[in-house]
Amino acid sequence: MVSNAQGSPVKAFIVEDIRVCTFVLSAMLRMFNCEIVVANNGKEALDFFLEGKKFDIVLCDKNMPIMSGPEAVKKIRALGETDVMIVGVSADENAMEAFMSAGADVFVDKPMKIETLETMIQEVMNKKNAMI
Amino acid sequence: MAAVALKNQLNAHIASMFAAGFLDKQFQELQMLQDDGSSPGFVSEVVGLFIDDAEKITGLIAGLLDQPVVDFDKVDALVHQLKGSSASVGAQRVKLSCEQFHSYYEAKNRDGCVMALALLRNEFYDSRSKFQTMFQLEQQIEACS
């Protein structure tokens, strides 16, 4: 079970164009009491960061209309957003390389398992708590 | 007594869906999310979304393949969406059908795509029927409680 001694929820950002995937991922994040924001493509995601929004973790799909996940990740990192954990999530064969070279911290095969998400959320929480 | 018999029937039905390859382990993840207690109707809701999306997407693909000039990039995008959607609910046969579709639109083979769509639709209709039986049994169990 994810533990957070300090009590502040993890701010999670889902970047995904497929609504079923968003629905399932949101339910998983709610298990860990995360605050959830959703963008439907890479451009929308980038716009959130350009508006100054902050997140603890980004879960980003690869193939999306308008702007792909790896392209968005590259642009987000170029804004100086180095603290946020960015997770590339995809079932595509070449996705891992695309995400990691764009600056993602982790790559996970789609669909994500609850256990995998739990580990990442705990890592984010540990980092948040260490900064307080 | 009736509820117990229905529960046994439901468990047997789900087990048969796994055994026949209609479902994969991702469906168990959905069941875990439901059993967590926060959303009792979660599985039926997300599968309902998948069914709605699949009906819409297969219709759009059929429309694209009917055009004088097929936009294979759009077909690709739609099959990709359906693959992601089916993988998220553990609808394994539909997911595998989407993967098989891939080689035909990569080759820009209209006839191959038409055949692949027919196979995909069959797998989807069979899966939909199985899910509908599952949810009917769940409703009957709830009615008994």
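Modeller: The charged end of B:Arg93 sits over the ring of B:Phe22, at 4.0 Å from the ring centre (NZ of Lys or CZ of Arg must be within 6 Å of that centre and within 35 degrees of the ring normal). This is a predicted model, in which local features need pLDDT of at least 70 and side-chain atom pairs count only at pLDDT 80 or more, while totals for chains, interfaces and linings use all residues. Residues are numbered from 1 along each chain as its sequence is written, chains are lettered from A and ligands numbered from 1 in the order in which they are written, and side-chain values use heavy atoms, with hydrogens and water left out.

The chain that holds this pair, chain B, has six helices and zero strands (DSSP runs, H or I of at least four residues for helices and E of at least two for strands, numbered from the N terminus). Read from the N terminus on, the elements of chain B therefore follow the pattern α-α-α-α-α-α. Its C-alpha atoms fill a box of roughly 60 × 25 × 25 Å along the principal axes, and of the 145 residues in chain B, 42% are buried (under 20% relative accessible area, with exposed over 50% and partly exposed in between, for a 1.4 Å probe and protein chains only). Among the contacts in chain B with a separation of 6 or more, 67% come from residues 24 or more positions apart (heavy atoms within 4.5 Å).

One residue of chain B can be followed in more detail. B:Val43 belongs to helix H3 of chain B, which covers residues 42-65, and B:Val43 is buried because its relative accessible area is 2%. Leaving out residues up to four places away in sequence, B:Val43 touches B:Phe27, B:Leu30, B:Gln31, B:Gln34 and B:Phe135. B:Leu60 lies 17 residues from B:Val43 in sequence, and their C-alpha atoms are 26 Å apart in space.

Chain A brings in strands. Five of them form an open sheet with parallel pairing, and their order is E2-E1-E3-E4-E5 (two strands pair if DSSP finds at least two bridges between them). At the edges of this sheet stand E2 (35-39) and E5 (106-109) of chain A, and because each has a single partner strand, one side of each is left without a neighbour in the sheet. In general, the strands of a sheet pair through backbone hydrogen bonds, and they do this in either a parallel or an antiparallel way.

Within the sheet, strand E3 (residues 57-61) and strand E4 (residues 85-90) of chain A run parallel and are joined by five bridges, and in E4(A) the bridge partner of A:Asp61 is A:Val89. Helix H5 (residues 114-131) of chain A packs on the sheet, where H5 touches E3, E4 and E5 of chain A. The next pairing, from E4(A) to E5(A), is also made of strands that run parallel and has four bridges; here A:Val89 has A:Val108 as its bridge partner in E5(A).

The loops around these elements hold some backbone details. A:Pro111 is in the loop between E5 and H5 of chain A, and the peptide bond that leads from A:Lys110 to A:Pro111 is cis, with omega near 0 degrees. A:Asn33, in the loop between helix H1 (19-31) and E2 of chain A, is not a glycine and still has a positive phi, near 55 degrees; A:Asn33 counts as exposed because its relative accessibility is 60%. A:Ile66, in the loop between E3 and helix H3 (69-78) of chain A, likewise has a positive phi, near 70 degrees, in a residue other than glycine, and its relative accessible area of 70% is why A:Ile66 is exposed.

In helix H1 of chain A we find A:Thr22, which is buried because its relative accessible area is 11%. Apart from neighbours within four places in sequence, A:Thr22 is in contact with A:Ile14, A:Glu16 and A:Val38.

Finally, back to rings: over all chains there are 13 aromatic pairs (rings of Phe, Tyr and Trp, the latter by its six-membered ring, with centres within 6.5 Å; planes under 30 degrees apart are stacked, over 60 edge-to-face and the rest tilted). In one of them, A:Phe48 and A:Phe55 have ring centres 6.4 Å apart and planes at 65 degrees, so the pair is edge-to-face. A:Phe48 is partly exposed, at 22% relative accessible area, whereas A:Phe55 counts as buried at 10% relative accessibility.

Conventions
Axes fitted to C-alpha atoms, helices over the stretch in contact; angles between N-to-C directions.
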